[in-house]
Amino acid sequence: MMKRSKRYDKLSASYSKEKELKVKEAVNKIKEMASAKFDETVEVAVKLGVDPRKADQMIRGSILLPHGSGKEKKVLAFVEGELQIEAEKAGADWVGGQEFVDKIEKGWLECDAIVAVPEMMPKIGKLGKILGPRGLMPTPKNGTVTKDVGQAIKEIKQGKVSFKVDQGGNLQVPIGKASFEENNLYENFVELIRKIWSLKPASAGGQYLKGITLSSTMGLGLKIDTNYVRKEIILGS
């Protein structure tokens with residue numbers, strides 16, 4: 001079992017983990033508790049009432065957070081010809097084709113996101129076992145396989161985040177940094193939750209949002225009142 005730091009134990013002793021908070025209360029508490037020597041990432045964890053083994057309940061998507069994620073992402077663009085100039089102008093850190101397929105096969109993986117035009121996917125397809133587990137495989141569902149590579153790159157650079165439910169029905173998505181203004185974190189949270197709700201499959205029975213937790217890199221996980229989220233943020237919108 002991982003040994004907890006004295007700092008973590010002190011935080012834990014000062015707060016009841018079972019208490020459910022409204023979103024703004026949780027955001028405020030997260031900012032209060034963020035005392036690491038670096039700017040901690042604030043993350044939302046959502047437990048969904050879905051069965052990811054069923055194709056129509058595999059929840060995945062992407063969203064351009066209104067205030068960005070606070071992380072500067074390095075983007076690889078799989079394009080050839082004139083589109084390479086467009087990708088470079090949009091801010092891609094690396095641009096190319098087969099040479100990057102070869103590099104990735106040999107172990108290179110310095111990028112945080114990959115964008116590709118549809119024509120490149122047959123070449124990239126064989127990298128699925130490498131890119132898939134890392135969440136880097138381009139896909140039309142999150143807008144990373146597109147002919148408009150310039151726009152896709154700009155959105156990633158501006159704070160677009162992708163998410164995909166794991167085998168246990170969980171999502172983990174960053175919504176900013178502890179240094180963000182409270183209202184900016186709140187608005188990022190709202191946009192993310194509304195996006196996740198919009199992806200609710202018709203075949204999913206029972207409760208869809210089963211649990212929501214907000215946390216920072218070195219902080220506690222704070223439970224969010226899911227009934228409040230449904231009534232005020234989703235249905236009340």
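**Burial, cores and contacts in a predicted model**

Student: What can be said about the charges of the protein in this predicted model?

Tutor: There are 40 positive and 31 negative charges. Their mean positions are 6 Å apart.

Student: How do you know that the radius of gyration agrees with a compact globule?

Tutor: Set the value against the rule. With 237 residues, a compact globule would have a radius of gyration near 18 Å. The protein has 19 Å, so the value agrees. The C-alpha atoms fill a box of roughly 55 × 45 × 35 Å along the principal axes.

Student: How many helices and strands are there?

Tutor: Nine helices and 10 strands.

Student: What share of the contacts links residues 24 or more positions apart?

Tutor: Such pairs make up 72% of the contacts with a separation of 6 or more.

Student: What share of the residues is buried, and what does the surface consist of?

Tutor: Of the 237 residues, 45% count as buried. The accessible surface is about 12,700 Å². Carbon and sulfur atoms hold 48% of that surface.

Student: Why is T139 called buried?

Tutor: The cut-off for buried is under 20% relative accessible area. T139 has 13%, so T139 is buried. T139 sits in the loop between α6 (128-131) and α7 (149-158). Beyond its neighbours within four places in sequence, T139 is in contact with R60, T144 and V145.

Student: Why is A202 called exposed?

Tutor: Exposed means over 50%. A202 has a relative accessible area of 85%, so A202 is exposed. A202 belongs to the loop between α8 and β9.

Student: Which residues does K157 touch?

Tutor: K157 touches K73, K74, V75, G91 and D93, leaving out residues up to four places away in sequence. The C-alpha atoms of K157 and S69 are separated by 9.5 Å, and the two residues are 88 apart along the chain.

Student: What makes a set of residues a nonpolar core?

Tutor: The residues must be buried, come from a nonpolar list such as Val, Leu, Ile and Phe, and be joined through side-chain atoms within 4.5 Å. The largest nonpolar core here has 40 residues. V46, L48, F189, L209, I212, L214 and V229 have the most contacts inside this core.

Student: Which elements supply at least two residues of this core?

Tutor: Among them are α2 (23-33), β2 (41-48), β8 (170-177), α8 (182-198) and β9 (209-216). The largest share, seven residues, comes from α8.

Student: Which residues does L48 touch?

Tutor: Apart from residues up to four places away in sequence, L48 touches I59, G169, L171, I196, Y208, L209 and K210.

Student: How many residues are in the second, separate core?

Tutor: The second core has 31 residues, including V101, W108, A113 and L127. In soluble globular proteins, nonpolar side chains tend to be buried together.

Key. Residues are numbered from 1 along each chain as its sequence is written. This is a predicted model: local features need pLDDT of at least 70, side-chain atom pairs count only at pLDDT 80 or more; totals for chains, interfaces and linings use all residues. Side-chain values use heavy atoms; hydrogens and water are left out. Helices (H or I, at least four residues) and strands (E, at least two) are DSSP runs, numbered from the N terminus. The radius of gyration is taken over C-alpha atoms; the globule rule is 2.2 Å times the number of residues to the power 0.38. Buried means under 20% relative accessible area, exposed over 50%, partly exposed in between (1.4 Å probe, protein chains only). Contact means heavy atoms within 4.5 Å. Accessible areas come from the Shrake-Rupley method with a 1.4 Å probe; for residues, only the protein chains shown count as cover. Lys and Arg count as positive and Asp and Glu as negative; His and the chain ends are not counted. The place of a charge is taken as NZ of Lys, CZ of Arg, CG of Asp or CD of Glu.
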